[in-house]
Protein chains: 2
Amino acid sequence: MNKKILLSENDIPKNWYNIVADMENKPLPPLNPQTKEVLNPSDLEPVFAKELIKQEISQERWIEIPDEVRELYKIWRPTPLVRATGLEKALGTPAHIYFKNEGVSPVGSHKLNSALPQAYYNKMQGIKRLTTETGAGQWGAALSFASSVFGLGLDVYMVKVSYGQKPYRRMMMQTWGANVVASPSNTTDSGRSILAKDPENSGSLGIAISEAVEAAVKGENTRYTLGSVLNHVILHQTIIGLESEKQMEIAGEYPDVVIGCFGGGSNFSGISFPFLRHKLTDGKDIRVIAAEPASCPKLSRGKFEYDFGDTVGLTPLLPMYTLGHDFQPADIHAGGLRYHGAGTIVSQLHRDGFIEVQDIPQLETFEAGQLFANTEGIIPAPESTHAIASAICEAKKAKEEGVQKTILFNLSGHGLIDMTAYDTYLSGKMTNYKLTDEDIAKTTDILEKLV
Amino acid sequence: MNKKILLSENDIPKNWYNIVADMENKPLPPLNPQTKEVLNPSDLEPVFAKELIKQEISQERWIEIPDEVRELYKIWRPTPLVRATGLEKALGTPAHIYFKNEGVSPVGSHKLNSALPQAYYNKMQGIKRLTTETGAGQWGAALSFASSVFGLGLDVYMVKVSYGQKPYRRMMMQTWGANVVASPSNTTDSGRSILAKDPENSGSLGIAISEAVEAAVKGENTRYTLGSVLNHVILHQTIIGLESEKQMEIAGEYPDVVIGCFGGGSNFSGISFPFLRHKLTDGKDIRVIAAEPASCPKLSRGKFEYDFGDTVGLTPLLPMYTLGHDFQPADIHAGGLRYHGAGTIVSQLHRDGFIEVQDIPQLETFEAGQLFANTEGIIPAPESTHAIASAICEAKKAKEEGVQKTILFNLSGHGLIDMTAYDTYLSGKMTNYKLTDEDIAKTTDILEKLV
C-alpha cells in the first residue's frame, strides 16, 4: 500500500475555487465603519492591490491561477496526501486517516499559497513595497520569501513580544530579506502615539495592523497584505482541497469528514471548501469540522455580528462570528489561532448549518501532537495539533461504533520553530484556559442595530 | 518543464549499494588499539548490533533493505530531485543545477536514512535500549524518532555546550521520547571522572562518545549507535544516490559533477557512491567533490594514517585522512562538519585519486546559503551550504568557460533549527577561521610505524 499519494506538477490546479458562487445565501457585504453604508470596493484601493480587491468581491466560481504563480507553486506543490497508518495503528481504529501535508512548504506552512499570488498581483500593478503584520510569524515568513522572489521590498510589523520570544521566525524573515520592525515602533504615527503614552508597550496584533496599514497608505507605491480572514486569501488556499480531492480519488476513497484547525479560516477553508462544494451543489453527505482552541471559540461561542477585523477598530465592519474585536485571547501556544473573529464566508456557512465546530483545550492538542510525532514522525505546528486532536476524536468514535470511516485533515504546518511550546508541555508547565460566560459576554452588538 | 523529479514509493531501492565490492584497493582493516593487530569483528559485539557489524565488514555489492525499513522510508522517501532553476537564473549560468532534497525528512536531514535501519537491526536482535552521542543534534533527533517507532529506549549524550545552545534540537529529541543527557554527566564513570577534575567542563564530542559507549557496554540489553564515519552508516545513505540516479535518468541528463558536504562522510558518500560506481567499474567520466569547511580540512590537508575515531582514544584505530584525533576544530556553525577524520572507505578512494576536495571558508558558505534561500525558497542547513557554495563555484566556471554542464549536489538538510547561525551572518558578526600549518602539523603519526 502507498503511504503517500503524490500528484505530478501538471496536476497543480489551474484555477482556485470560489465557494461564494455556490452559496445560496451570499455573505453580507462589508460596511464603511463611519457611514455604516455598504463599502465601495474602490475605497480599498489605497490599501490593497486592485486584482485582490476584485477577487475579494468576485462571484465567479473558478479564478485562474497565473502561470507565474503556478511555476512557483512547483517549488513544493502538489503537497503529499499521507495515510496516517502509524497513527491508525496506535489508536487501533477501523477509521482510515489521511492528512494533507502543507508543512513541506519551504516556509513550513500553508501560508505561502496566498503569499505568492498576493506578491505577484502587487508586482503586476507596479507596486514596489509591501507591508504586513505578523504575530507568531508564519505569515510574515511566507510573505518574506514571496516578496524576495518578486523583488518587492517588505516591512513586517511583528508584535514586540513575539519579536523577542520567536527569534527564529524573525531570523527567517530577515534571511529572505525582509525589514522586520518590532511593533509598536517609532516608524509610524500609530506606533509613536502608543509609545508616547506607554513606552514599554509590548504590542498586539491590532497595533501591528494599524502600523502596517498606515505604512502602506503613506508609503510610495506601497500596499498592505493580510494572511487570513479575507475572501481572496481563502480563495488562494483552496488549492489545498482541490489537490486533496484528486488524491482521495486516487486512494479510491471519499472523506466522510474533513477537518481543519481554525484561526481566521484560511487553512480550514482551503482544505474543506472544495469538498463542501459537493454538499452545497449535489447534497453530498459530508461533514466538515472546524477545530478551534477552547480558549478562543469564536464559532461555537461567539455571536454573528458586524465587527471590526482588527482590535483598534480601523478596518471595515465585517459580518462574522466574533468574540468582540477587543476580546483578548489567552496566551496559548497556537499563536495563529488567537483571533477574535471568523472570515465572512465561513461565518455565513456556519450560520447556515454547513460547518461543525469542535473546541479543544490546549493540553489535549499537545497530547495529540506528541502522539502524531511519535507515530508519523512529523512534529506538528501547535495550530495543526487542533486538527489532529479532532481527527483522533473522530477515529476513536469510529472504533467505539465499530464503523469504518474516512477522515481527512489538514496538517497546516510543522512545529520545528515552535519547540519551546513542546518543551513547556513536556515539562508539565502547560495549562488549559477556562473561558467564563463573562469573558464571552463582552462581544459588542452592532449587527442588530443595522439589520 | 518539471521543477521537481519525483519517484513513486515503488521506486524506493530494494538494496543499499556497498562500494567496497567495486574497489580495487580495499580499505585497510581497523586495528585493535592495544595490540595493534587487525581487529576481530566479534570484539565489537558488546558495542554494536551483530547485523551492523556484518554490514561493516561486508564485501557484498548489494545489501537488501528490510521490508520494515522500506515501509518506514515511505514516510518521506523517495525525496525529490529538484532543478534549481531560480539559482541558475540568479547566476546566469548555462549549467543545469540539480539538488537532492533530503531536508524533507521529518527530522529535517538525511540522518534518518541510517537511524531507522540501525534501530531496526537492534530491535530484531532483542536489544531494548540504545545509546548515542550528538553534537548539533541532527543525528540524535533522527535516532530519537527511529527508537520511538521501534519501541526502544534511548539515551542521547549531548555535548553540554550544545545542550544549552541548541535547545530546539534537544526539545525535538525529548518530544520523540528520548532521554537527553548533558555530557559530561554523572551517569557514567567517564563523565564522573571528568567532572571530578573539572566541574565546569562544557563537554566535547569525544567525551560524549566515551559516555555513550560506556553506557551501552554496561547497560542491560543495550547497544551503541553512530551516525556517520562507519561503513554501515555510509551503506545506508547510498539510498540517496540510488534514487538520484533514477531521477537523473528521468531528467534525461547525467551529472558531470556530484557534490556533497563533508563531515565524517555519510551524506557525501550517500549521494556520490552510486555514481562513482560507474567510474570504478566502467570508467565513466564523472567528477565527485567533497566540500569541506576550510577550518576542518581533513581530506585536503590531513594525513592518511591510522587514528582513533574519537577524541579520547577509545575506538579501534581506523585508516583514514585525519587532522589528528586531538585536533580541535574551530567553532563554525556547521557543527556536523567539525570532525577530525574521514571514513575509511572515502579515505581509501581519496588516496586512490577518485575524489576531489574543495575547502570553503565559512562566510562564503552562508553567502551561498542566503542566495539559495532567496532563489529556491529553502533555508539550507549550515552543513549543506558547503555543497551549495561548491555547486555555485562549478556553475560560475561553466559560465566563464561557456559550457553547459550538469551539476548535482545533496541538500542534506534544512536550516530552520540553525537560524541563529544566519542571524550571526546577517548581523555581520561571522568570521572565517584561518588554519595555520602549525595547527595542521599536530597530527599524530601512527600509520608509518605500522605499514
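Let me start with helix H10 of chain A, residues 231-251, and helix H11 of chain A, residues 266-282, whose axes come within 6 Å and cross at roughly 55 degrees. Please keep in mind throughout that this is a predicted model. Because of that crossing angle, H10(A) counts as oblique to H11(A), and the crossing in which H10(A) passes H11(A) is right-handed.

Turning to the residues that make this contact, on the H10(A) side they include A:Val233, A:Ile234, A:Ile240, A:Leu242, A:Glu245 and A:Met248, while among their counterparts in H11(A) are A:Ile271, A:Phe273, A:Pro274, A:Phe275 and A:His278.

Now to the contact between the chains. The size of an interface is often given as the accessible area lost when the parts come together. Here, the area buried between chain A and chain B is about 3,700 Å², and carbon and sulfur atoms give 57% of that area. On the chain A side, the residues that lose the most area to chain B are A:Tyr168, A:Thr175 and A:Leu416, which together account for 19% of what that side buries. As for the residues taking part, the contact draws 39 residues from chain A and 39 residues from chain B.

What is the count of salt bridges between chain A and chain B? There are four salt bridges between these two chains. A:Lys4 forms a salt bridge with B:Glu9, in which the closest N and O atoms are 3.1 Å apart.

Conventions: Residues are numbered from 1 along each chain as its sequence is written. Chains are lettered from A and ligands numbered from 1 in the order in which they are written. This is a predicted model: local features need pLDDT of at least 70, side-chain atom pairs count only at pLDDT 80 or more; totals for chains, interfaces and linings use all residues. Side-chain values use heavy atoms; hydrogens and water are left out. Axes are lines fitted to C-alpha atoms, for helices over the stretch in contact, and angles run from 0 to 180 degrees between N-to-C directions. Helices (H or I, at least four residues) and strands (E, at least two) are DSSP runs, numbered from the N terminus. Angles under 35 degrees count as roughly parallel, over 145 as roughly antiparallel, 65 to 115 as roughly perpendicular and the rest as oblique. A crossing is left-handed if the near helix is turned anticlockwise from the far one by less than a right angle, and right-handed if clockwise. Contact means heavy atoms within 4.5 Å. Buried area is the accessible area (1.4 Å probe) that two parts lose on being put together, summed over both. A salt bridge is a side-chain nitrogen of Lys or Arg within 4 Å of a carboxyl oxygen of Asp or Glu.
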